[in-house]
Amino acid sequence: MSRSDVVERILTDIKARPTHDVAELYLKNTGTLLVPLREHVFTSRHFSTHKALEDVLADVQTIPGISITYRKKNKHENHSFNVIQLAGPPSIAPLLRERQGTNFDTKNYTRTAREHYGNPGTVLALRTGLKTSIAMAKLYNERRRALKEKLRAHAKGKNKAYVTRMSNELDKAAMDKQPTSKLAEQNAYLKHLPEHLIKERDELQELYTTLEQARGMTPVMREGELELLLQDTSLLWPARTPSHTELIDHTWAHLDIEIPGWKTDKPETSWVVIHYEREGEVYKQEMHTASGTGQPTFADHDVIDYQGDIAKLLLGVKESIRREDPLLMTAHNGKFDYINLRDAEELKSLEESFTPDEEDQHQPVHEATTRFFERIGVKSRLLIDFLRFAQIQYDWLPNKKLSLVAKVMLGEKAFDKELTYDEMELLEEKARQYHRIKDNEHIQEVLLMQGKTLNDIQRESEEAARKIASYAGKDVAILAKMRASPTFTNFLDRVTNFADRLNLPIEHLAYSSRAVQKTNERAFLKTTGAEYDKLFRSSQQMRAEYAENKQGFRKTLERLGNTRAEPGLYVQVHLLMLRYGHALKDLLVKTNPEAAVIFNERPRSKEDRVLLSRYGNALAEWLIADYERVDKLRRGLERKRQKVSKESPRYQETIRYYQRLLKNHNKTTSNDLFHGSISEEALKRAVAAAPFALRAHEEIDAEDLRYLLNNESKLAKAKYKFEQQFQTTYEEAKTRLERMVRSAKRVAEEHGLRMIHQEGPYFYLQGDPSSFLEKYEGAHPIIHTFEEALITHDTKLSEAGNHLIGDQQLYTTIHGHYKGIKIVDHPAHHLNMNEMRQFQGFYQGIIAGRFEQALEAIIDGYNNVAERRLPPEELLLYSKASDRYTLLQDGEELHFRTKLPPGISYHPFSGFSKHRPDAQDMHVDEQTGRPYALERSNNKQTRVYLLQVNEARPDWDLYLEKQRARIRNHLSSLITPELTERLLEGVVDHQSWRCAAAGALAERVHYR
């Protein structure tokens, strides 16, 4: 076969149609193709007993078309789990569900299709004849749609039923071999077709006949569209993953939407800005708006003004994307932009734009892509989200907002947020007012009485719109600059490389480093025959535990590191990422050989080291989550054993006795593999059956006994699971992690680097890192350097109230952020606005060496609360939910909320809350008429009232006490606890204490 017989096309999407045993391939610049899915693997759950497995086997063996491809027996037969795998066509799933209920997973058909034909982003090789046939099928559908339009025009004046019937008759005739003129003699609906329509229909039939004769495929009609079903799958095959340079040469669309009224009951997507880029150059900039700038172009953008019509705006965006046909689309937080566009109510109401199918009936799965725009007919695009890229590349940043990420990538002056959300909302209100009143003569008369004409309103609206337009245009322009940056180019190069070698979609790797766990899923399925999520994470509670264990692992690393430093200001501080994935490499590749790809790569730059570390750590996430589960159980048991052993010297003998007794009494457990537990009743029966002598001398509390019995069993099962999954022991993983931390500390010390702080997988080092990087760049990458870092010990009183306890905290200056502390106009870090201001000023003063100024910021914030001179929103907005209450009604706590349940119309600065009949879980207070919701926390039900900011009467004493606690936490380690207390006691009147505190601060905080 010569190279001229083969063409390459990028597969942009693949969607399974399980009921028809086919999948649909979307080929860029060619069309769509149906391919067969002849065999799908149905995996069972874990069966609690071997007998249950045998019963299911006996039943499924009688299902026609099913074969057993995999079977695991129980541990007594030297196998891991009681699991079955069946192979058969996807369309057999309904029968399998009918016979076996939820015993088998009857989903994941797209995964099967990808395994057979390729991931989105894969380059497929196809024979030229196949490419020609797909193009012909596309042409057939285009001509057929055009013919239908001409039929409607020809039958103008006829009723709708007649036109529909004529169209249907033409569809039926399309497969007939006879010419249209012959068919028209027997069909009343086709008799009076004009000559040019007869000719077009015959040309369609010729196209269809040609397609019928094409080798290796069959034309089929589905919902009025001609589709090609590939019979000979040797006509196409996965070839490779495109290189990053190939992707850059394709058309990109950088997109951002603005919803200025996002707080309102019915927010509208009133601004969509798109920059189109090809071969690395932006060639078109469009601004779609419902407000209008009064100009056809603005700031190099083509302005398309829809005069307040949101539905037309969104349809215009759809047509623009169809016209330019980009392969890749970007956004910063694409989940927000694309989901809001796809789910826009205005588009759902347009019948010609929204045809719901099975997938539209539920919320989409937010994995790498969101299938954005599918509901409005724009399909098959690859999505790269710069927010996800920042979460991978800049994990150490205090936040991943566009402004901060742009400054880190492109420099301090790259991008500044010009408008707050509240400012944009006010501007949008003004920008839309002209379209809202231009046809209302009554309002115009009222405005004339106030000295304003309609032209004045139009001018004001356009000025407001131009301010939003300027902001929105810069928002999108920065995306193109980020795309062109060396950091992102290197990132895309690595992503395409790994996508090819790990058999993962490009989007998955660009979306999140956690996506490399797809290789873990494949390895687990191959090793155990089971779906990991189905076997161990079958409930929401288990998934939450998995996430909690990953967070708990950070604490485990901190315990292993055990790094403490004196409070103060440190210079030349560097950040080192612990590569625990690399430390566990041998354990990971034992059951997942594909994982070696990540660990065997050599980093080519500083950014590369970050990426490889992140992906390597992501591969280890399953292991560390299960490791933390075992470690947590072990630590809990050790504490309980120490407590019980002091009270009962015979406790070990007692525990072993009751374990045997319960086993002999056929203790019942749940079917979940690792969560069976001894009930209170079972324990009572076991105690009653124990010899009198054992019970008479028993000193173990019943609850302690039950805890020990249950958790000894859970620990044994968790260790067994760990060993089966990773083919190693918990103890071996623990040894390797401890060795990694010791090695990092030793190597840093050898090179004159002082460890001053640790947060999870990050060590903060001080000193000159050049020799360290030179020798150890592969194993211990330093990924960022700070000029200064302030270390404090945030403290609080112990439960007994007799000594201070707390954690070490580190604050760094990163483009105006102090470990997340910055004044913002939206919730970011559970500080109210007064606290944001005072702590930002405090850290600015300390890092600048102006200690009196630093204390003044703390004191001013405290005095503002002590003297009650703040507006309510300074305290209520953006603080913790538990702080958001006032004492308005008979001393009852009335909780302040900004995010309300469905059915409540509310804005925190204007208008009262309104209770709508369709609101769920909402009630109205009979005395005041105030709406409230019932919230349950810690088994306590609370009324949560909906208050406006201007209604609130804060409990100033409560906020003052919280201010005292936070100031005490921040200052106690920088000046003495005694001086901190004296400062708080005399903060309003005694200047001498301020001077003394500033002096102590200057003495304690020095450059180290």
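**Reading the helices and the sheet of a predicted model**

The protein has 38 helices and 30 strands. The model is a predicted one. Of its 1008 residues, 53% count as buried. Among contacts between residues at least 6 apart in sequence, 68% join residues at least 24 apart.

Reader: Why is A390 called buried?

Author: Buried means under 20% relative accessible area. A390 has a relative accessibility of 0%, and therefore counts as buried. This residue is found in helix 12.

Reader: Which residues is A390 in contact with, leaving aside its neighbours within four places in sequence?

Author: With those neighbours set aside, A390 is in contact with D395, K400 and V405. As for S512, it is 122 residues from A390 along the chain, and the C-alpha atoms of the two are separated by 9.5 Å.

Reader: Where does helix 12 lie?

Author: Helix 12, residues 386–393, lies across strand 16 and strand 17, and runs at about 50 degrees to strand 17. Those two strands belong to an open sheet of seven, whose order is 14-15-13-12-11-16-17 and whose pairing is mixed.

Reader: Why do strand 14 and strand 17 stand at the edges?

Author: Strand 14 (297–298) and strand 17 (382–385) each have a single partner strand, so one side of each is left without a neighbour in the sheet.

Reader: How do you know that strand 13 and strand 15 pair?

Author: Two strands pair if there are at least two bridges between them. Strand 13 (residues 281–289) and strand 15 (residues 301–305) have four bridges, in the parallel sense. Within this pairing, M287 stands opposite V303 in strand 15.

Reader: What does helix 9 touch as it packs on the sheet?

Author: Helix 9, residues 310–324, touches strand 11 (251–258), strand 12 (271–278), strand 13 and strand 16 (328–331). The direction of helix 9 makes about 165 degrees with that of strand 13.

Reader: How do you know that the buried residues of helix 37 line one face?

Author: The buried residues of helix 37 (residues 977–985) are L979, T980, L983 and L984. Seen down the helix axis, they fall within an arc of 135 degrees, so they line one face of the helix. In general, an α-helix has 3.6 residues a turn, so residues three or four places apart point the same way. On the other side of helix 37, E978 and E985 are exposed.

Reader: What covers the buried residues of helix 37?

Author: The cover includes helix 34 (851–866), helix 36 (956–971) and helix 38 (991–1004).

Reader: What makes helix 37 roughly antiparallel to helix 38?

Author: The two helices pack at an angle of about 150 degrees, with their axes 10 Å apart. Angles over 145 degrees count as roughly antiparallel, so helix 37 is described in that way relative to helix 38. Their crossing is left-handed. In this packing, L979, R982 and L983 of helix 37 meet W993, R994, A996, A997 and A1000 of helix 38.

Reader: Why is helix 14 called oblique to helix 16?

Author: The axes of helix 14 (residues 421–437) and helix 16 (residues 454–483) come within 8 Å and cross at roughly 140 degrees. An angle has to be over 145 degrees to count as roughly antiparallel, and 65 to 115 is roughly perpendicular. The angle of roughly 140 degrees therefore makes helix 14 oblique to helix 16. This crossing, too, is left-handed. Residues making the contact include M424, L427 and Y434 of helix 14, and L454, I457 and Y471 of helix 16.

Methods:
Residues are numbered from 1 along each chain as its sequence is written. This is a predicted model: local features need pLDDT of at least 70, side-chain atom pairs count only at pLDDT 80 or more; totals for chains, interfaces and linings use all residues. Side-chain values use heavy atoms; hydrogens and water are left out. Buried means under 20% relative accessible area, exposed over 50%, partly exposed in between (1.4 Å probe, protein chains only). The arc is that of the directions from the helix axis to the C-beta atoms. Contact means heavy atoms within 4.5 Å. Axes are lines fitted to C-alpha atoms, for helices over the stretch in contact, and angles run from 0 to 180 degrees between N-to-C directions. Angles under 35 degrees count as roughly parallel, over 145 as roughly antiparallel, 65 to 115 as roughly perpendicular and the rest as oblique. A crossing is left-handed if the near helix is turned anticlockwise from the far one by less than a right angle, and right-handed if clockwise.
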